[in-house]
Amino acid sequence: MPAANWREFLITQLVRASGYSAILIVALIFFFLVRESSPALSQADPASLFGARWYPIEGHFSLWPLLGGSLVVTLGAALIALPFGLATAVYIAEVAPRWAREILKPLVEILGGLPSVLLGFLGFLVLAPLVRTTLAIPTGLTAFTGALLLAGISIPTIVSISEDALDAVPRTYREAALALGATPWQTIWRVTVPAARSGIVTAVMLGLGRAVGETMTVMMVTGNAPVLPTGPAALFSPVRTMTATIAAEMGEVARGSTHYHVLFLIGLVLFLLSLVVNLIASSAVLRARRRAERLLS
Amino acid sequence: MTAPNASPTPARHRRRVQRLGYAFLTLAAVATVAPIVLVVAHIVVQGAPAISLAFLTEMPRAGMRQGGVLPAILGTFWLTLGTGALAVPLGIGAATYLAEYAPESRWTRAIRVALINLAGIPSVVYGLFGLGLFVLFLQFGTSLLAGSLTLSLMTLPVIISTAEEALRAVPNSFRVVSISLGGTRWQTVRRIVLPQALPGILTGVILGLERAAGETAPILFTAASFFLPRLPQSVFDPTMALPYHLFVISTQVPEMPVRLQYGTALVLLAFVLGMNLLATLIRSRARARRTW
């Protein structure tokens, strides 16, 4: 039946093409980011690109304050999300009774599905005033407020991936520890968690990757002041992240202006940043899988 | 001389550490999920008074300070539909390739690496890309079409990874039987594997579209409009959307009544949670019915 063969061939090619489209899309994104951002390098004064100020109206296009802003907010989020996320994952995977697990997992899933603009809205309306009054600082729109919300945004990723990693630890590990007289508590921290270490590292990296890329929430609650953070005090003052800068300014720039190209340059930096984070995180998983296969074989 | 009672025996000490540790873990887990319950409850309580038939079916009036959110609801609906129109066939196709056709080769690994990276790219970068490719280069303008295409690229990795997982969960014996009865590979996939994996795929599709429906950053420069006096007439028109509308009325419109802000937030929350619930229902029903 040549007709059927043709159909089979055609469909196979179609299916293969959609598989390869993923590579095409990544390449296209990279190409367009480079295409739109490369004029920035020739148009903008290099001194201003590596200066200390982001003030586009006067031609100051330094990315440092924005990188610093992203860094402060993300580190703050990590400090909050890491202990809570890890504790929740360990609780769900190792300690919780069945009924508690059935409540906790969907709730964490709901948090993962909440639109970031919704969290930004509540952060702006409820959390920021609360931060201002409890800490007695002039404004509640600070890096700290953003970090609190970003912690919430990265926690679902951290919890679900670390929980998978903990679940994947072979039962025999735990049984061996318990048989040697360790308490369940000792087993968790000396055997199970260390065995799931690489999965947990991946979880944290991907969670923080989400935090760095988060846009609407940080734009709405961090006060949007592009100043170079100089010390720990920066956590309690307004900042401006890279993502928020793109979102806030792209709507108003003239297409083709230096400012426009520099915003694409920020996008390229974000793209490369997420590329690096994801490559490291995924290679950690692969390496761990290979190690586990070696150990179990 | 026996040990004095003051210092507990090691066993008792360890039991105490364990009890304390478990209490601490429980507390941390509760502290993590309590805010989620609070957020949802707060929006429901504050938003409910604003919800009425008029709020859901009227155009905004008086600089959006009065009237309803109909164009935003419809806009999000159309954007979600448009996203699905591209992301669903392409996503299922790619998942089928990875689960059923792809050899273990360097190129297949490259596809997987590309997917991992797609999943990690910040949503605002998708927005930049959509602006560069769809809005400017292909000259779709700020439109439903450009926004849907941008969102569908962002949704693709979610759909592909869940669909692939669903396909891989179908037992291999199903394929072996179909092939041994003379079925071709595509017949096996279409008649046997895809139908069996359908609930899992559907769950992934809905979760992916849920994310697209709630996103703001990708449509910021590709589709969204601050305010439109009428509904979009074609796919080349800009549109309003619930998440962007919430952003606008909570930060850009002075003297915006808080009641309407919470009302809009509640509609968005209902939209997203409704999709989440649907996905959960499909998943649990399929699990209960599954025979393998």
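Predicted model: local features only at pLDDT ≥ 70, side-chain atom pairs only at ≥ 80, totals over all residues.
Chain B contains 10 helices and two strands. Along the sequence, these elements are arranged in the order α-α-β-β-α-α-α-α-α-α-α-α. The radius of gyration of chain B is 25 Å, well over the 19 Å given by the globule rule for 292 residues, so the chain is more spread out than a compact globule. Taken along the principal axes, the box filled by the C-alpha atoms of chain B is roughly 90 × 65 × 35 Å. Of the 292 residues in chain B, 47% are buried. When contacts in chain B between residues at least 6 apart in sequence are considered, 77% of them join residues at least 24 apart.

The contact between the two chains involves 62 residues from chain A and 62 residues from chain B. On the side of chain A that touches chain B, helix H1 (residues 2–43) of chain A provides the largest share, with 19 residues. By class, the residues on this side of chain A comprise 42 nonpolar, 17 polar and three charged.

Within chain A, the packing of two helices was examined. Two packed helices are described by the angle between their axes and the distance between the axes. For helix H5 (residues 116–135) of chain A and helix H6 (residues 143–167) of chain A, the axes come within 10 Å and cross at roughly 140°. An angle over 145 degrees would count as roughly antiparallel; H5(A) and H6(A) are therefore oblique to each other. The crossing in which H5(A) passes H6(A) is right-handed. H5(A) contributes A:Ser116, A:Leu119, A:Gly123, A:Leu127, A:Ala128 and A:Val131 to the contact, and these meet A:Phe144, A:Thr145, A:Leu148, A:Leu149, A:Gly152 and A:Ile153 of H6(A). Eight nonpolar and four polar residues make up this contact of H5(A) with H6(A), and no charged residues take part. An α-helix has 3.6 residues a turn, so residues three or four places apart point the same way.

Helix H11 (residues 242–249) of chain A is mostly covered, with six of its eight residues buried. The buried residues in H11(A) are A:Met242, A:Thr243, A:Ala244, A:Thr245, A:Ile246 and A:Ala247.

Terms used. Residues numbered from 1 in each chain as written. Chains lettered and ligands numbered in written order. Contact = placed C-beta atoms within 7 Å. Helix = DSSP H or I, 4+ residues; strand = E, 2+ residues; numbered from the N terminus. Nonpolar A, V, L, I, M, F, W, Y, C, P; charged D, E, K, R; others polar. Axes fitted to C-alpha atoms, helices over the stretch in contact; angles between N-to-C directions. Parallel < 35°, antiparallel > 145°, perpendicular 65-115°, else oblique. Left-handed = near helix turned anticlockwise from the far one by under 90°. Buried ≥ 20, exposed ≤ 12 C-beta atoms within 10 Å, placed from the backbone. Rg over C-alpha atoms; globule rule 2.2 N^0.38 Å.
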